[in-house]
Each structure stands twice: as C-alpha cells, then as structure tokens.
Amino acid sequence: MARLLDVLRAAGLTGTKEGCGEGECGACAVLLNGALVNSCLTPLAHAAGAAITTIEGLASDEQLHAVQQAFLDCGGAQCGICTPGMVLAAVSLLRRNPNPTEDAVREGLAGNLCRCTGYGRIFAAVLEACRRMPQATA
Amino acid sequence: MQPGAGGSAVRREGRAKLTGRALYVDDVAPPGLIHGVTIRSPVSRGTIRGLRFDPSLDWSEYTIVTAADIPGINIVKLIADDQPYLADRVVQHAEEPVLLVAHPDPMRAEAARRLITIDIDPLPPVLSMDEASEEFKRYSVVKGDVDRALSAADLVVVEGDYSTGAQEQLYIEPNGMIAVADREHGGVTVWGSMQCPYYIHGALAALLNLPEARVRVVQMETGGGFGGKEEYPTIIAGHAALLAWKSGRPVKMIYGRSEDMASTTKRHPSRTRHRTAVTRDGQLVAMDIDFMLDGGAYCTLSPVVLSRGTIHAAGPYDCPNVRVRGRVVKTNVPPHGAFRGFGAPQSIFALERQMDRVAQAVGLDPAEFRRRNFVRNGDTLAVGQTIREPVDMHALLQRALTLSGFAAKRAAFARANPSARVRKGIGLATFMHGAGFTGSGEVHLASVVTVEGAADGGVRVLAASTEIGQGTNTIFSQIAAEALGLEIDDIEIAQPDTAVVPNSGPTVASRTCMVVGKLVESAATGIRRTLVDSGYLPSTYTRAQFHHACERYIARFGDLRSTSQYTPPPNVRWDDETYTGDAYATYAWAAYVAEVSVDLVTWEIHVDDFVAVQEVGRVINPTLATGQIEGGVAQGIGWALYEDVVWREGRMANAQMTNYIMPTSMDLPPIRVYFEEVPYAGGPGGAKGIGELPMDGAAPAIFNAVADATDVDPRDLPLTPERLLSLWAARHA
C-alpha cells in the first residue's frame, strides 16, 4: 500500500518532506480533513475521499498565511526542512486553540522535531501569528 | 526598506522554505532517473572473500558497481589517504560501503539489499579507545613546567576523568545526491545536500580521473548540516557519480534515516583526564590534561578535530604551567567526524566540570574561583597566543549571574532540597571558541569571493559558502548591501555551483560570517571603488545613481567584477612545526548558566532555565544570531542528557529517531540569549564567528547544576536517568 507521503510527492507536492519515515519527526505532516497526520504513516486508503491540505495549499497566491508570515518575521525557519510540517502543526493548533499559552504551543508542536532552532523562534512566531490573526479565521 | 548589517532582516530564502517551494535534492527527478543504494559491511573488520547475488533476482536489470569499476583513485581525498569509496579487499568497520546497485524502481533497488551477501572472513575488531593501539594524530601543548609546579608543597591537587559519548548530528533532511555523467565527453555533475561543494569537486576529479574543469558540483537547498554534511557527502557524491558513470543514466541516492544514522559520521567520543593544582586561595598553578578522541576506522577530519579540542582544553584561564596531550586513536567503528564545535565541546565539558570540582576543593564559589583565574587582555594562552583584544570574562560572567539570579537561587535550592523529591540546582560554565580554521588553516585555504555588478544595477555575490539554515544568504546580503549603501533586495546570492562561484572554502568552523563575510565586504567595497575611481559614481550616491553607474560602466567595459582573497589579519602568526602561536585570529567568549530539576523517583533531569551571555563581536542579524545560539544550546542539552548512541559490536543499535532521543519542544527550557558587542576589526562590520560557540557551554553548565542539586559527581555524558540512578546508588550505598 502506497504511503500518502509518496503519492503527494509523486504528484509534485514536494513541500511535504520525509525526515524519518516512522512518524517521529513530523516533517511529513499534512492536514487530513483538518486533522494533523504524519503522511509517512498514512496508507493511501485512509485518505480516500478526504480533504488534504499540504504546505502548498496554505498561502493564497503571494499572500502568506498569518502563520507563515510570522515564521518569516520571527526567524521560525532555519534550514526549512521541518518548516512545512511545523507550520501545518501550528495552523492546526491555532484552529483548535486560537489563544494558546506558550505551554500549549509547546505541547501542540511536540510531534514536530526541529534540529536548528531550539524551538524558541518557533514559539515566538506562533504566538505572534495568534496576535495577528482575526479570531474568526483562526 | 530593509536594514543593512545590524538589522534583523528576514531570511532571504525564507518565503520559499515557508511555502514548500524550496527545492531539496529529493524534490527533483531528472528524466530517466535510476535509484542507487549502498551495500555495506555487516561486520566490523574482516577480509572480503566474495559477493553472492541471489539468483531469484534478474540482476541484468541492475547497475552494479564495485571497487573494480572505479576509473580513478579509490581513495576519499581528505587528510590521510586511507579511506576507500568502496572497500576492496578488507573492511575496517561495520556499515562500510562495499558495492553499489541501482534500479529504475526505488523499491526494487531497496530489495537488492537483502539479496546480496558479502562473504567476509572476520578479524578481531578494536571497539573501544582502551583497546586501541594505533593513533591517527597526537598533539602536545606545553607552557611552563607542569611536573615541577605539581611537586611544590602546599598546593591543592584535584584529579578527574571525564567522558563524552558519540552524538548524531540528526539534521532532519537525510543525506542525498543526484549525479549525471557524460562519459562520451568526460564530465560529471552532482547536485545535493552538502556544506562544502569544493571538497566534493576535488574529490570527484580524482575518483573519476577527470580534469577538475569537467566536474561540476551544485548545492541544493540543504536541510541542516551541523558538520554532518561536511565530509561524508563526498562519499555519497562519489557513489552516485560511479553509478551514473557506469549506467549512463542520472542517479539519485537518498539515505533513509536509519542508514544515515548508522553509517555516517558522528561527534567523536572522548575521554579526558585532568590533574589541576591550585593554591589554597584558588589561584591556578598547573593544569595537566590528557585528551583522547575515538576517531573510528579512518582518519577523515580527526586530526583537525583533535587540534581544536586540544587548543580549547585549557579554556579562558590564565595558568603559568599547562600541559595538554591530545591524541585521536583508531578503532573499528564507523569514522567519527565534524560536528558543531569540532572537538572543543568535548574538552570544554571536561574542563568546566573539573573547574567546579577544583572550586569545591578549595571552598570557593564556582564563579569566584573562575574570576580569580580568567585570562585578560595581554595574557598568554597555553598555546602561546597573547590576547590582544579587549576581553572581559568578568563582565560576561557577572551578567549571566545577575540574569539567572544565580546566588539567590543557589542558596534557596540548598535550603529546600533536603526535604524535596525534586531537587533543584544551578550551574555555570565559562568558555571561549576560536573563529575560523585552526592555526594556519585559513592561510592554506586562501578563500576567494567575487562580487559582480549587473547592468540593471543588481549586485551578485559569488561564493561557495552554503546556506544550511544558519543564514549565509541573509548575512552576505546584509554585508554587501551595507558596503555598497544599497538595499538587501538589490543583492543576489548565487547558488553555490562550482561552475559559477569561486572557492570561498568549506562552510564550517564558525568562519562563514567572519572570514568569508569579510571577503564579501571587501569585494563589494571593490565594486564601489571601481565605479568611483572610474568617474561613473560620486563618492556619495543614491541607489539610482549606483544603478546608473553600473549600467554605464558595463556598457563601456563589458563587465563589473571585484574579487577578494583571504590574507591573515596583521600580527596573526602560527607555526605548524612547533604548534604554537595565534591558534585563531580571534575568539568568541561566553558565560552560560543552567538551572535544573532532578526527580529522585524517575531520575529524570529537566533543564528549567538557561541563560546564555556571549561576546561575538558585532551582531549582524540579531534574530538569526539568537536562533544560532538557541539551536546550539538545544543541541548541547540533547548531548548532555538525552542523546545516547548505543553501540553493539561496533554498530549503532539505536539508529532510529524512535530510540535515539533528541530534544522536543517539551524538553527545552526558555533559552535566554544576550549579546555583548565588541566590534572585531578583522570581521565584516566588526562581526566574529558564532555558530559553534553555543555547543560548548550547555553540557558542563548542566552537569554542574546536577552536582549542585544532588551530592553526586557526574562526569560521564550523556547523563541518562539510568546513569544518574547508579551514581546516586553508589553514593548512598
């Protein structure tokens, strides 16, 4: 059974990355019917008929999503390989909890590993995005 | 308008990374691609008897490469000529590459791994430093007379042994390369994840017996390196190129996570023995240091790693008698290699834990003991380097103590701990880190940067220095923009491609900002000078005037280029023969404080707060610089507490993210970062190196904090719950 990750990448959606292939790092995270999943552990059959959002679907034209813009402004991305999954994890968190505490941000991103940042600029970016986002569209 | 140097300009390639458009090596697929895999030795040492191919597979579908197929020299070009691309007669370590296979279908390429048997007559391997008899390199640093000083009466002498384990770089993008070969015309091109395009460039020419002009190496977006993509990518590029050469088709080799962890380089394990003599009032009299690294089965970069570790082993202290003996030994484990800090974190860990133990032996507070011994402007380090810059370790330490509430917390914890299940402690480390290559390294590299102006007024920086997440693109843009009085968006950073960019040296050793950045600054200044001297540009000008001047100059002369090559700053001298002199043009200086909780039931250690105060010269981009420090401290916390490479018969037994544990967002404290800025004349806009420094201080500060929280004396890293429990049990038996 093909993995959702491979099908997405073969379709040219290479923003979804493979970091470990065993669901530990979160670099392959996508939203499946709005829920954050590791696409490396998702058999294609589980995605049948589902709405999938990858990093490519987050920005509209040249307008970055508020989370992407805050990552850019706050230094939340370094090497960039964890970034697509991390951004989607942050979007997913803010949809569930539009006003998270820093502890809630830590917990919300705990399934996404970043080796570059020590997470500090990422927390700052998520909290900044939260400040900028109109609650209704969070 | 974005600021020049000194401003937190946003990352140049940030938008591409945030939208998923940035292209990493596995994101591209040239037509006709085949997928390569590496078949590796299952044993640590032995003689190859032969290869067996399972007849159930149609091997005619596969491209197969062994050592016999290599057109040039089967030696990875680095320091010692000892490592083959493909083992020929003997294997020296488990996971050593023996042959390569490729197939158009990646699943079938993978399947071949299980259907090839390498018959090997095993030989007894050397699997620990204790058993090792061969040395790759040895260094000795001597100042004063340690033996005589130690024999003096009325001194307090403290001894201690310290050890550190291997650490996996764990960049989240595994290694990968694509190669295309043109046998007819004799040429090869590789694209991939790497730190050092010109290392690969020179190596491929020798491997394929091609002129260097027929080899092209292009860096793709690179998902982290930390040293792990300094030397090993040369081997992967060589493998991909060999398969491409034989098959005539484009070849992609992407390592899976387990293969990457088990096979590629890690931080050298170390063992350090200290004997320190101090007066009863805490003045250092003698430091006798024996520093040993496990190099693994081949030399790779071990001599240079050893050199940095040896030179940093005595720290930022003024001591009249110092002896450091450094050596790196050969074992039959996969070769260890570059990892952020490059030997210094190992020797600094030992020293800073030792310094706390010495302070305790003479009844001094750890901060006060260090204060009495800090090196100052005009003092001479053990290696013979006189510090000629303002250095104020006292101020850095004081700021770290104040910001962390060190004294008050230490007292409060001491009161609360006896009755607490969760003990608390606070500890510190003070240290320095040399920027740029060690010794005469920069002189030998003789790095080159070119800046060129275009007719539309755009300016392009040509350098082989790679963006690996640390911010090369952005700081080079800031430096060039400031030198030319332009905006950041006027500057383009060329993709590192050996067909286009000159050799600005490897992206390592905290040298990109300070050394290469200085060349960017001076080459950019050369563009301005050319335009001004030729009369096309007034000495003060607007952006529009600059653009117009470029257009007119290029219309008249054809092109507008300025090249700068490294020359050492005045008065920086190093003697390779005697191993003395100015080991580094300059150092970054730092004082770090860690606060920990130690749970006496679960034996977990959690870092609750972390203060990192450092002087790195002028900070070019505060956001990027803060990110460098936070990320380095995080790796240091991982090294100290969580990251345990488990060896079983010379192989990494936990080569998976599932059971090799790096810090998650839940594991790290707030990392509070502060900079003192003392401009350094040898760096662009006054900047020094920064990338490796933060790797040095976290582990010893944490160990000192654990010693403060408990009454155990931890000296072996990583300090896992199991280790802490056994220390406690031994103490309270």
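Helix H3 of chain A is mostly covered, with 12 of its 14 residues buried; a residue is buried if 20 or more other C-beta atoms, placed from the backbone, lie within 10 Å of its own. Helices (H or I, at least four residues) and strands (E, at least two) are DSSP runs, numbered from the N terminus. This is a predicted model, in which local features need pLDDT of at least 70 and side-chain atom pairs count only at pLDDT 80 or more, while totals for chains, interfaces and linings use all residues. Residues are numbered from 1 along each chain as its sequence is written, and chains are lettered from A and ligands numbered from 1 in the order in which they are written.

H3(A) covers residues 83-96 and reaches 20 Å from its first C-alpha to its last, close to the 20 Å expected at 1.5 Å a residue, where the expected span is 1.5 Å times one less than the number of residues. Its buried residues pack against E1, E2, H2, H4 and H5 of chain A, together with helix H1 (14-19) of chain B. Contact here requires C-beta atoms, placed from the backbone, within 7 Å.

Chain A is divided into domain 1 (4-57) and domain 2 (66-137), with bounds from an automatic or database domain assignment. In domain 1 of chain A, 13 residues are in contact with 11 residues of domain 2 of chain A. Strand E1 (residues 29-32) of chain A supplies the largest share of the domain 1 side, 3 residues.

In chain B, the axes of helix H13 (residues 472-484) and helix H14 (residues 512-533) come within 8 Å and cross at roughly 35 degrees; axes are lines fitted to C-alpha atoms over the stretch in contact, and angles run from 0 to 180 degrees between N-to-C directions.

Note on methods: Two residues are in contact if their C-beta atoms, placed from the backbone, lie within 7 Å.
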